[in-house]
Structures are given as C-alpha cells and as structure tokens.
Amino acid sequence: MRVAKLHVRIVILIVLALSAEACQTAQRPPSLLPAKTAPALTSITPAAVPAQPQNPIASQSSTSKQQVPAEAAAETKTQAPPTQTPPPPTASDSVDDLIARVEKDFQAGLDAYKAGQTDAARQDFDRAFNALLESSIDIRSDARLQKEFDHVVEGVNHLDLGGLPSDSEAQKSEPAPIDETNGITPSADPKIRAKAQAEIKSTHSDLPLMMTDQVAGYISYFSNRGRGTFEHAIARSGRYHDMMVSILREEGVPQDLIYLAQAESGFHPLAVSRAGARGIWQFMGSRARGYGLHRSLWVDDRQDPEKSTRAAAHHLKDLYAQFGDWYLAMAAYNSGPGTVQAAVKRTGFADFWELYRRNVLPKETRNYVPIILAVTIMAKNLSQYGFDDVSMDDPVPFDKVIINYPVDLRLVADCVGATPAELQDLNPSLLRRTTPKEGTFELHLPAGTRDQYQTAMAAIPSNMRLWWRYHKVEPGDTLASIARSYHVTANSIVAANRIEGTELQSGAELIIPVAPGKHPVSDTSTYARRITRYKVHSGDTVETVAENLGVPAQMVRRWNGLRAGDSLRGRKVLAVHLPVTPGSEVASPASKSTAHPHKTAQSASPKAPAKPARARNRNEDQPGSEPASVVRHKVKSGETLYSIATTYKTTVAALKRNNGDIAVLRPGMILIVPPSR
C-alpha cells in the first residue's frame, strides 16, 4: 500500500510539472548580426536542404506545434553552467534547507535498504517525497528542486521496496557512446579529409553537410580507434531504422537526423550518459517530461524506442523553429536552447561555426555537431570506409496487447515460450521484470503469440499474475517433485489444474499457484548476460551439466534449442548463462585440458574476468596435504550451490557431499564448505 501511495505522489509531482511547462513560453531571442563565413571551412551544398530564413533568430517562427519547455534551458546533457539565477530563498523554508531535508531522508532510506530494512526504507522515502509535496516552495520554480526530484526518483526506481517479486533481474544500463566520443578532439588526416570532401559532393542528405577539420578528425577516429563503436551502432541501426525514419518523415524533420541517435547512444535503448541522459535519444529527465515521456517506479519512456523517437522529432522541430538552423538546433539539443541562445546573444552571430571559432559553447557541444556530421557522411558511404560487410540487425516483429494489471515477465515468458530476457528486449521501457501496478501498459510479445498469451493468462487470477507460474512437464516429473521445486503443495497444483489421478503427461503445461513471496531461489536468481561456453565430455547429460553449473535443466535446453530427452551425443559445446548473486557476476569456471569434464567451461567473451583457480576434483587429493579448517557459510538470498562453490574454489559435488546431498537452498541455511585445493 505504501508503495502505491509513493507511486501516486510521483505521478502528482509529474502532472504539476507538466502543467507548469504548458504555461511557459520560450524567450524571444534578440536581433542579431548576419552570420559570417567561418574561415577554413568548405561548404558543400547538399541535394536537398530545408529552406532557411535569412535572419532566423530575429524572426522566430510562431507556428511550431509546441514551445520548448523553459526548464530545458537550465538542463543540459553536458552539464553547462545555468543561464538563469534561481530565486532567492525565503527565511522560513529555503531551497537549500528543503533539498538538505529531502536528501537526508533519501540517504537514510538507502542506508535502511542496504541493511535489509525495507519497511524503514519505504518510510524514509515517503518522508523525502512528502517534504517535496508539502513544502511552501513550488518545485517548478527552481532548477535545483527539479534536479533533486529527478535524483530521488532515479534512486528509488531501481530498488525492490517490497510488495513486488524479486527485482534482481532489473534492466541493466549501458554507457552512452557519446560520452567517450565527445571527450576527445581528434586531429584530421589530410588524406581522409580530401577523400571525404570529394565523396560528399555526390552524397544526398536532407541535412546540410559541411567538411571541416573537425568533421574530418572524427571521420579519422571512427575509421580507426573508434571503428568498433561505429560498427556496433550500424549493426544495431537495422533494428530501428525503418520505424525511426518513418516517424521523422511524419513529423516533418530531416530523416538523416537518425544519425544523431547513432552518435548519442549507438541505438541502444538502455544507454545512459554520465550526466543522466537516457535512451536512444538521450533525453534528460525534465525535458523528457516536457515532451510527454512518462517516468515512474516501473517505466521510463525515455527507453521506449518509438515514443522517444517521436518526442525527439518534436523537440528538434521546435529547436529548428527557434533557431532556424539545423546545426544550432543540434547544438541546442545537446546543451540546451538557453546555452546556445546565450552564446548567440553574446556574440551577435547565429552561426554554429562562428560560435565554434569564438569558443563560446561548452567543449562537448562544440564537438557534438562535427561528430554527427562525421557519422552521417560515413553511414551514407559505408563501402568507401570499409563497412560494407557489416551485417545489420533485422527489425524484430512483435505483437501488442494493452493490459491494465501487473504481470511478471517470467510468467509471460512461460505463457509464450520465450525467455524473460527476450521480453525485456521487446519492452525496454520496463525498469523491472514486472509491468506497472497501476494504469495501462502496452506489452510487446513475440510475433504470433498474442492469442496464446491471452488464453494462458485467462486461467490466472488477476491478483496472482505477479506470482503464479506455468510449468512444462518433463520426463521424470512428478507432482511431488514439481511441488518441491516451487515450494507449493501437490494438492494446490491438483486443485489449480483440476488434475484427476497422479499421472502427468510429458509436455503438458501446469499452473503453479506460488504463494506471494515464496518463489524458489532458481526463479529469482540472476543469470549473467555473458555467454559461457561449456565443453561437452563423454558421459555428460543435460541434467549433470545443469546440476554442476547450478542452473535448471530446462534453461540449458532452452539456451541450446534442445528438446526434453535429447542427448548431448555429437555436441562439442553448450552455451549457458552462469548464475550470479544479485548485483554481481561470477567469473567463469576454469578450463583446462586435464580438468574434470563437469568443470570445463570457458567464457566466450574476450573481456571475461580473470579465471579462478581450478576447482578440486574429489579424486585430486594430494598425499601429505594439510587439512584446512572447517568453514561455515550462511546462505544469502539469490545464492546458488554453484555461486558458493565458485566463491570458495570448491565444487558443487563437494558442497552436496558435505551437506547431506542438499538440493535446494534457502536464505539463512548454514553450509559446511569443504577446504579448497
């Protein structure tokens, strides 16, 4: 209930902020001198460039659909100094005092959460939000309060506050490529510049293209040291290209602005910059609200590829209406319209390259436009730069279903025969592995599974869709074994499925009525995203491999396209995702030619962490070795036999042998850990 109240308070704050933004209008920019031609710059006229007024800043268009939110001027992705002075604090309730109180409660909540005191954490977070709601100072009136609001929301978003299933597999962020790229200013290679300058004369673009030393420098960078960054982005672009170009065309902005997204995020929906910008189009928090992108404890629309693309198109269209120049619009997209407008007012020139030469823009913004131009030129001439063999991802088709109830993605995965990770990829705006507890949500499902999902979901009570599961019966399964696996009773499974008799048909799907909060460890543990390759040896079965690695046999089959009953004969390698304790990843087991066949696994990633020493085989005792002291380990939530064995450099078999052949772990258990060798 308290979590729901917290969510309602956040929604109220967002609605208040949006209503204020709708009432604000952008400042009218001053009359300016005509732009000079920057020296040493060669202008290339593109095939199609939108018509621009002679003095765009002085005659700002009033026909844009939406004014740029005034708060955007104070919020920049490059963290430029604010251009407006905040209102003076009052004696009774100053902004500084309010922020201090909110931050104190927020930090107390974090400390309580880390100590496992979720009830106390919720109370502290409640006090933080109440301080913002009940203060005599309107949070819309001060950029610092807006920043504190974003800070608290972001901090709470990724915590499991109780009342929800385990959130150990929440979406993981990716670093935004723009942070690394605009932190450098590479020098131009004369040969590359000459080549690029000749090529763009025949390059069709609906953005103006210009060759400068700065643009040539980034072409050199992406052709060499930054080649991997460019190549990965081009490959990912195939997944979203058609959708994005269609939206940009519908909104009446240049379609080649898609390369702004490539430069910003590499087309990764989970990209997050050091300044806190998020998503493919790298929106900051308050500006995202101004363009209708919603955020809550469960959802962040900045990570929704389609919604964020439409919002970016609106924002860029508004910026062009304000500045009348696409270079200035892109610069304002990066550092905020207030920063660019102040630079124009200071110099009297409405020309990006003149502002560049006069060094009146932040360094990151000065680099930003050349980066986008370099990416655009290269992307439209892939073969000339050696990228013609890059295989682009195919668009991923999906079904849509509008739901008004919370559901766990693990249950959805059971219903449609997918994995939770696949569903997260289809629904990147979800911050957790559950859909929102309130309101509606557009759930994306693998193509062709909409009817299958709705049929399966109809059998699950609406208030149990966060907890219940489906189980596909495998050979050897019994009611008793399935009940033990899910911590339920056999009678409850019989009742939920109206089973007659005790015989279970292989391949049948059973509803498992899991009690809230009683999921087995295997259901809530985290699996590493990195693929680990397990070398198959004589005598291996899916069951023995799964037991040794501490993962369900069903997952091993799913990862490798195996059916129940399939043997491993003829297979040389299995792909698995190793279990890890929530919040960390376990290093891959060691791989040596002499290792026991059940302990040979090698990470496929070239950047895998250092491998631990080879775990001891029960037959590897060395004569004359000294016995080590007995170690006792208290099982923590999310741990598996494999993760514990890896931590202590021992084996799953040894752990079982020393603990009565234990198969299922529960938090609080004490295990006797055998000495490592």
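The model is predicted, and its protein chain holds 25 helices and 15 strands. Of the 677 residues in this chain, 53% count as buried, while residues 24 or more positions apart account for 74% of the contacts with a separation of 6 or more.

**Helix H7 and its cover**

- Helix H7, which spans residues 213-223, is mostly covered, with 9 of its 11 residues buried.
- The buried residues of H7 are Val215, Ala216, Gly217, Tyr218, Ile219, Ser220, Tyr221, Phe222 and Ser223.
- The elements that cover these buried residues include the helices H5 (177-181), H6 (190-199), H8 (227-250), H14 (352-357) and H15 (363-379), together with strand S3 (209-211).

**The packing of H6 against H7**

- Two packed helices are described by the angle between their axes and the distance between the axes.
- For H6 and H7 the packing angle is about 105°, and their axes lie 9 Å apart.
- Because angles of 65 to 115 degrees count as roughly perpendicular, H6 and H7 are therefore roughly perpendicular to each other.
- On the H6 side the contact is made by Ile192, Arg193 and Ala196, and on the H7 side by Asp213, Ala216, Ile219 and Ser220.
- By class, the residues of this contact between H6 and H7 divide into 4 nonpolar, 1 polar and 2 charged.
- Of the H7 residues in this contact, Ala216, Ile219 and Ser220 are also among the buried residues of the helix.

**The second largest cavity**

- Rolling a probe the size of a water molecule over the atoms shows where empty space is left.
- The count comes to 5 cavities of 30 Å³ or more, and the second largest cavity has a volume of about 70 Å³.
- The lining of the second largest cavity consists of Pro177, Thr181, Phe222, Thr229, Phe230, Ala233, Gln262, Ala263, Gly266 and Val375.
- Helices H5, H8 and H9 (258-265) each supply at least two residues of this lining, and the largest share, 3 residues, comes from H8.
- By class, the lining of the second largest cavity has 6 nonpolar and 4 polar residues, and no charged ones.
- Phe222, one of the residues lining the second largest cavity, is also one of the buried residues of H7.

Key: Residues numbered from 1 in each chain as written. Predicted model: local features only at pLDDT ≥ 70, side-chain atom pairs only at ≥ 80, totals over all residues. Heavy atoms only, no water. Buried < 20%, exposed > 50% of the residue type's maximum accessible area, 1.4 Å probe, protein only. Helix = DSSP H or I, 4+ residues; strand = E, 2+ residues; numbered from the N terminus. Contact = heavy atoms within 4.5 Å. Axes fitted to C-alpha atoms, helices over the stretch in contact; angles between N-to-C directions. Parallel < 35°, antiparallel > 145°, perpendicular 65-115°, else oblique. Nonpolar A, V, L, I, M, F, W, Y, C, P; charged D, E, K, R; others polar. 1 Å grid on protein atoms, 1.4 Å probe; cavity = no way out; pocket = protein on both sides within 12 Å on 5 of 7 lines; lining within 4 Å. Points joined across faces, edges and corners; volume = space filled by probe spheres on them.
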